[in-house]
Amino acid sequence: MDTVIVGASEVAHLSKSNGENGRIDGELMLNREAHVTDDLAIHIKDGIIVKFSSNDEMIHEWGSPIKSSSEVNYIDVEGAAIVPGFVDAHTHLLWDGDRSKEMAMKLSGMSYREISENGLGIASTVSATQNASIERMLEIGKERLRRAHELGTTTLESKSGYGLDLETELRMLQASSSLEKNNVTLHHTWLGAHAYPENVNQNNWDRHLIDEQLPAVIDQGIAQYVDVFCEPGWFSVETTEEICRKSMSKGLEIRLHVDEFTDGGGLNLAAELGARTADHAGYSCDDARAKASHAGVNTGFLPGTPYVHGDSFQTDLARSIEEGWKWSLATDFNPNCRSLSIPFVGSLAVHRMRIPPIAALIAVTTNAASTLDVEHGVGKLVEGGVADLNILRTKSADGWCQMPGDNSVRISFHHSQL
Ligand code: NIG
Ligand code: FE
């Protein structure tokens, strides 16, 4: 099948890079001219971009007027902008239950930690998730992926972590694997070390994770990555290191939750381990930020989480650009932060954290993709790469993140649809 797309006012191709895995860091993030071109038509064959040319050339090649037929899918976007499909590289996609009532507790002054000490928070999602069948999880997952794709996401990382026990963790990862082919490419992460179950001896639980859950996950081949909630009060730096080193020796790659509420040394550990990404990282110190970037470790900022907590954004994105640190943005979709909207994350980055839309776009596409083992071209629009792309509701590519509360994406295509 051939697809010909013409009529875009701007195409944000993001094809120029200055780092490994196609990354765009530092000053280059701000150079809009290097990343956006007008008068660019796209020819796609069986999901792969085969050619860019000017609109006139493309129309000349395909005959004017181009007509859709059984062999050619002709799309005139009528002046809209086109950007790459979004890469949401940090989500907790699968869980059951409803934590909306915790908002009243937050408003009464209770902290996230106090809420979890009262048996709510992660623990309440865990009991609802343990009671959910695989069929229910698939139904929930399908609906969430439908919404994510509607909002422009074409690649998404999905973590387990609300099962806690071996059986439910495996069920969640199996459900996650079975959700492929829903117009969103999935990447699967085992987050067994998300919380300690109530009344367990923590050392015994660490052993259970390392000696039983991890081997079972590896045996089933259902996760490519491992994640740990490395934070004072949850998993210590020492336990995190042990889980990660054993996982690495078995071929898993590391993604971590670090320094979300305090600087507990998590980002520093991520740098030493050579993690793919260390996320949250609101309270990490500058030394750790520089060390991580130097080691090629990405920092995944998740502004939706402080937003729903009513906290200030600890991260200075403009400074991260200035220093040339390696970073990306993601939703952190979870029961406490129920947004699968990458355009909303972009709005927080632009309207609140005050960086230009092009830099935020790079952070949710190219740089997020660099943390995952993706097919060629994911997070960019390049010849020979997969055609994951979003047609926006705006003429300017900058509009992708400027409709807070609404969907800036008119239509999103995953390459399997083209
Ligand atoms: O990334 N901080 C750890 N895990 C999730 C939230 C867990 C929850 O509150 O259910 C996060 O924000
Ligand atoms: Fe998270």
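**View 1. Two domains in one predicted chain.** The centres of domain 1 and domain 2 sit 30 Å apart, taken over C-alpha atoms. Domain 1 covers 2-85 + 380-417, and domain 2 covers 86-369; these bounds come from an automatic or database domain assignment. A quick heads-up: this is a predicted model, where local features need pLDDT of at least 70, side-chain atom pairs count only at pLDDT 80 or more, and totals for chains, interfaces and linings use all residues. Residues are numbered from 1 along each chain as its sequence is written, and side-chain values use heavy atoms, leaving out hydrogens and water.

**View 2. The area hidden between the domains.** About 2,700 Å² is buried between domain 1 and domain 2, with carbon and sulfur atoms giving 65% of that. Buried area is the accessible area (1.4 Å probe) that two parts lose on being put together, summed over both. On the domain 1 side, Arg23, Met29 and Trp400 supply 28% of the area buried against domain 2, more than any other three residues.

**View 3. Links across the interface.** How many salt bridges does the rule find between domain 1 and domain 2? The count is 0, where a salt bridge needs a side-chain nitrogen of Lys or Arg within 4 Å of a carboxyl oxygen of Asp or Glu. Polar contacts do turn up: 8 residue pairs, both residues at pLDDT 80 or more. Such a contact is a pair of N or O atoms within 3.5 Å; within protein, one must be able to donate a hydrogen and the other to accept it, and residues adjacent in sequence count only if both atoms are side-chain atoms.

Terms used. Chains lettered and ligands numbered in written order.
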